[in-house]
Amino acid sequence: MSASRSPVRKIALAAVTALAVICGVTACSSAGSSSEPTSTKGGTLTTQFAGVPISLNPALGGSGGSAIFTSLPYDSLIYQTGDGTLIPDLATKWELSEGNTKLTLTLRKGVTFTDGATMDAAAVKASLEYFLKAGGGDARYAGPISDIATPASDTVVISYTSAYPDAPYYLSQYWSVGQIIGPKGLANPKSLLTSSDGTGQYTYSASQSVSGASYTFVRNKKYFNAEAQQFDKIVVKVIGDPSAVSSAVTTGQVDFAGVSPTTAATVKSSGLKLVTAPFFTWGLTLADTQGTLVPALKNDDVRQAMAMAIDRDALATALGAEYTQANGQMGAKGTNGYVSDYGFHYDVSKAKSLLAKGGYPDGFELTVLTENILDSQTTISQAIAGDLGKIGIKVNLVVKNSVPDFIQASLTKQYPAVIWPVVGANSAQVLTNFTQPGVTNPFGNTDESLNTLYSNAQSSTSDSARTEAYEKITKAANDAAWFLPAVSTDNIFAIGKNITNVTASALNPNPLPQAPDAKYAWKRTK
Amino acid sequence: MNRSNGSRAMSAGLVRRVLRKPLGVVSGVVLILIVGASFAGQWIAPHDPLAQNLRIVRQGPSVAHLLGTDSLGRDVLSRLLFGGQESLSGVVVAVVAMLIIAIPLGILAGYVGGLLDRVILRVVDVLLSIPGTIITLAVLAIFNNNMFVAMVSVGVLASGAFIRVFRSAALSVRQELYIGAARVSGLSRVRIMANHVLPQIRGVLLVQVTLFSAATLGIQTGLAFLAFGPPPPSPTWGGMVAEAATIIQIDPWLLVPTGGVIALTTLALCLLGDAVRDANQERFTLAGLEGKPSAPQAGKSQVHTTGADRDDEARMAVTPGALLSVRGLTVGFGAEGRETTAIQRVDFDIHPGEVVGLVGESGSGKTVTALALLGLLGANGRVTGGSIRLSGEELVGMPHARLREVRGARIAMISQEPMVALDPSFRVGSQIAEAVRAHDRVSRADARARCEELLAAVRLDPAIARRYPHEISGGMAQRVAIAMALAGRPELLIADEPTTALDVTVQADILDLLRTVQEETQMAVILVSHDWGVVADLCSRAIVMYAGEVVERARVADVFAAPRHPYTTALLRSNPHGAEPGKPLPTIGGSVPAPQEWPVGCHFAARCPLATEACRVAPIDIVHLEGDRASRCIHIDELAEVRA
Amino acid sequence: MVRLIVNRLLLSIVLIVISSIAIFLLMSLVPGDPARTILGANATPDSIARLRDQLGLDQPLLIQYGTWLGGVLHGDFGTSVFSGDPVETLILARVPVTLSLILLSTLVVAVIGTGLGLLSAVRGGVLGKFLDAISLVGLALPSYWVAILFVALFAVAIRIFPATGYTSLLQDPGRWLLSLVLPVAALSLGGVTIVAKQMRDSAMDVLARDYIRVLRATGIRERSIVLKHVLRNAALPSLTILGITVVGALTGAVFVENVFVLPGLGTLVTQATMSHDLPVVLGVGVYFTLFVIIVNLIIDLLYGVLNPKVRVP
């Protein structure tokens, strides 16, 4: 267990540009399919999340799994289903312009906010503009927005300064950008912390919640598609410790929980279904490739040698082979840009000779920053440190007990290397972790050739050309050896006995209970 | 004798006494082993605590890894050894921090007192009210999980409670006389505190240190469990429990050695603390009684089955009409079968309405005899021979429930120290009423009425009933005790030195009261006393006891006229009431021998001017004389000459 | 009695001010920036500066403290910099949990600890030795370790009690009790053994007193002697220990609430400390201090009731 129930941000990067475009153009019809005959509506759904909400104000809130706290009360413009498909939500259709610089959204009619106001173009524009200036951590996913226009009361046109093919994806419920806040809430953002003002299926009930421990959302009677609402109440419990999560879900105290690889077997043996999706790629990020703090890291041979010192197979086995895969490249198997039979290999003797060649036959000392929230018990970090020790590199781990502390520490530029998982549906998305400033790139490293490869991928028009570009990125990343991948881990979710229709995929690895179409929503069996 | 030498000897004794306790030794050895092994980890650990082997993770005990491996395939035993260094030094840091603050402040507050005491106590209040958890968490956050600083803060925050402990210890030492003597001799205060007060509280200190260490180990490992403390891969005990907890479902074994070592260390510390505490208490309670008890000689219970005193049937027979017949009563204390005899072969009768004095020096067995009559010898003592018959009914071996019905209702007792004979927590009236209700099934109101009646009988204002024992004087307390004894309308009252602890002025009043009450109720009274004046005043007959035996029985008038035992003679001479003015009080040379030192022959032989070889070779039998007199002496005839 | 209470309440104000200053100073030394914490990794320096300004973090410490104290005097503990909830709301929502935990645990410690101690003192022998052994083991096992074991045994393996979480008393008294059985057991174990040990020692001491012998000689029933006189007199030293145990349960609650995921003040304060949520930490600090003072006051009053010598007329 851990003392810190502090915000766990499963900061996730993912993109499904291609699907977004396809779906946007064909404008999937809004569905009103009836619920399955075997399911029953109403009652309370209790789910688990590992951390407290970053904020209940969507503009300041989190993405990925933590989006549950804001996506229940705030509908997003677009909805992403479990298999990654984008379907209409507040926007009934959308279209990206030629060159991917302009997104036109057509809004659903007859939708009202909790505060009574009508959801229209002006309201959406106001919400998006508030999001941009609120200063939330996810602001950058909104893209390079230059203008938001409202040519009609049901039409919003977002213009971007450069190509932004991912725009529709980032307006889905998975991210907070597209979650639309009502005018009264915008007028008094503080009120959003204690009451919600969205158009979502549920409204936040502060009186039934215990801040930091459990968050209760009750059915929104004004919701535009009552058919899709499956529960009267959804309670999100904050439970971080893997053992406690496992106990809670196996004893039926929660209907849904994200479990760890070490407890997954027990959960499974107790008869619960598991839904898994590839998620994190773990590895050592060498942030100080300029050698500011540790000159050795500037040396290409040294970085290559370090990559070879990691015993990936052993680590995967130790972590539980069923949900962990040894991985010598930055994307997980199954993501776009993954190259079969490619990647760093474990070879201690070669690593030693490379290290000697680089001028460090006796190794050197390296301080590595890590945390113990995502890397529970710092098992992965300790394993990587131990492997580096075998070629003479003495690793001092600095462990933070909370993610915010970790992020702050990383941004101080005092740590030459960090251990932090990366995520992406394709290698270009993963690459941004190391080419754009952030927790895995505090020193602001940039590389012309990598940037060129990235732009090429963004502007590619055919699937095959894009995949080819992604594969080039994968190889170029290993050549640069800024990130030394070790293992890929699955997101594992335990599903309570009476809950069905929970789906997850590499494209949407964090299932959420609600969907604007009953077809995609979680259901309770009779 | 030099004072500091004395205290050093005392604390050396403390260590010896601890070493005499098996649990103390075992826990000490375990503790030394754990601490020693931890700090010798570098040399004795079978593996590098950081060496991981991902191919043998989460294994149970094996020859290669005695306590198994953890989730990175590291040797658990080696990690425990190295982890101990961190946990144990954390404990030491906290203890030292606590002592540095608590000892000087505690001793100053207790010894100097006054304003300083009040100021220190206020500081303690603050220390005790500050939420320690929050402070410790904040300290850890500030100092980047530095366990050293955290443990210092734990020590500082805990010092409040210990200042109080050391203060009260110092306070009680201060009140001891010899510190006063040291003060008079001109030693400076600081030296007194360092040389006298500190060594005196060493026992308390050691106990507190071991217990605090145990508590601190819990906090230290608890913090490490919450992921504070040195970063991984450094092993910590708490961190290893945390790791075990996360994989409890796939490898429950890991929880055993990790929690086990913490539990074992805590257990050893607690047991050691207990042993030190017990040893420290012995130092006060057993002072002067040290040394092995010598094997019982005359005290052995076999003795009275051999020799001249083999009881003839006639003597064992109950005297007709006697209220109480005690025959051959022998009482032992100690483990069953290995008792040390405290009184032996005690015979006497008490007739209804008779007042009998039971006389003798301290240690002669009077009180033991009295308690034996009530079956109140305690868990440690028991009647090993003889009989006690009350109106013909045998009390020895009587079931507890029936014995309880005898107590208070047929035989009652008042004791020496009235001030401690009443329960301090209850009002006087409530205690009397309780005694009433123990015998009479009456309503509360009736009990209250009877209580007032009894208070009137002992000449007390009924308003006294609402007072607490600490609110009344010793004389009043004894009257209350008499009232309680009277509650059951007993046939026999045992008054065990009822006036000894009282002011001289009050003594006469209590004796008057006893006489009046006896006349009013016509109950029999056994008056235990060492004071012939009191006996002469109240009693018709006297039973003289010496070193566990009855040495003479006679009418009081006869005793005064012509004692028939040398001990009685000596006792009468040393009686202050009979002393000639201006002359020093004659005393009996020597002292009453302890039960272990009883000789085979006459117990009084060593102090007796008439003793001959014949007195020492064999037990002396009691001799029946004219009337109902009896004496345990073979030189009765010579007594007359001595008196002359 | 009244004077004692008034004195204590006056003292409590001083203590709260002192302890809040201590917490305030310490927390201000904690590295880390609440604004950064709130806004996350990708926040711009600009937005951080704006938020700092909003939160008043740019003002001198003394002014920050003054503002806080002024608010508290008006019953306003401020708002959580993190969640934006009023601190009172946050705390009041969690007080029932921690209070249930501690009150139940106190009850268990008092009743079982006293009972075991008394029994052991009266019976002695094998039972006494057995109780001694049990209490030592209880004392030696770390509470968090016991808590883990309890969850594994009673919640996951046998499934008698819920593993985690809390049900409100008002919502469902039965489930409230069930949800607290394991946490209370884990929290009480140490206290029970300490109180039992103290009770045994002082009961033995009382049993050796003259007045007990006098009571026996008076023919009072043994049961009445033990349950009335021994209990009453031996309770005094145990009461002090009980007070210390109750205050210590506050620390224990932090560990136990974390293991059992109870939404109490312990989990709140750990979260708040980690996220540098100063108003919440201060608020909980005030409540903890108040709690300690109230416990000590109650113990003092009980002491007065039980011990006529210190009773204030």
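Predicted model: local features only at pLDDT ≥ 70, side-chain atom pairs only at ≥ 80, totals over all residues.

Colleague: How many residues of chain A and of chain B are in contact with each other?

Modeller: The size of an interface is often given as the accessible area lost when the parts come together. Here we count residues instead: 28 residues of chain A are in contact with 21 residues of chain B.

Colleague: Which element of chain A gives the largest share of the side that touches chain B?

Modeller: Helix 11 of chain A does, with 5 residues. At least two residues each are supplied by helix 6 (242-250), helix 7 (261-269), helix 9 (312-320), helix 11 (379-389) and strand 16 (394-400) of chain A. By class, this side of chain A consists of 12 nonpolar, 15 polar and 1 charged residues.

Colleague: How many residues do chain B and chain C bring to their contact?

Modeller: Chain B brings 59 residues and chain C brings 52 residues. On the side of chain B that touches chain C, the largest share, 9 residues, belongs to helix 6 (residues 132-142) of chain B. The residues on this side of chain B are 38 nonpolar, 14 polar and 7 charged.

Colleague: Contacts may also be read within one chain. Which domains are assigned to chain C?

Modeller: The assignment gives domain 1 (2-73) and domain 2 (90-310). The C-alpha centres of these two domains of chain C lie 32 Å apart. Their contact takes 17 residues from domain 1 of chain C and 13 residues from domain 2 of chain C.

Colleague: Which helices of chain C each supply at least two residues of the side of domain 1 that touches domain 2?

Modeller: They are helix 1 (2-29), helix 2 (34-39) and helix 4 (61-73) of chain C. The largest share, 11 residues, comes from helix 1 of chain C. This side of domain 1 of chain C has 11 nonpolar, 5 polar and 1 charged residues.

Colleague: Which residues of helix 1 of chain C are buried, and against what do they pack?

Modeller: The buried residues are Leu15(C), Ile16(C), Ser19(C), Ser20(C), Ile23(C), Phe24(C), Leu26(C) and Met27(C). The buried residues of helix 1 of chain C pack against helix 5 (114-129) and helix 6 of chain B, together with helix 4 and helix 12 (278-306) of chain C.

Terms used: Residues numbered from 1 in each chain as written. Chains lettered and ligands numbered in written order. Contact = placed C-beta atoms within 7 Å. Helix = DSSP H or I, 4+ residues; strand = E, 2+ residues; numbered from the N terminus. Nonpolar A, V, L, I, M, F, W, Y, C, P; charged D, E, K, R; others polar. Domains from an automatic or database assignment. Buried ≥ 20, exposed ≤ 12 C-beta atoms within 10 Å, placed from the backbone.
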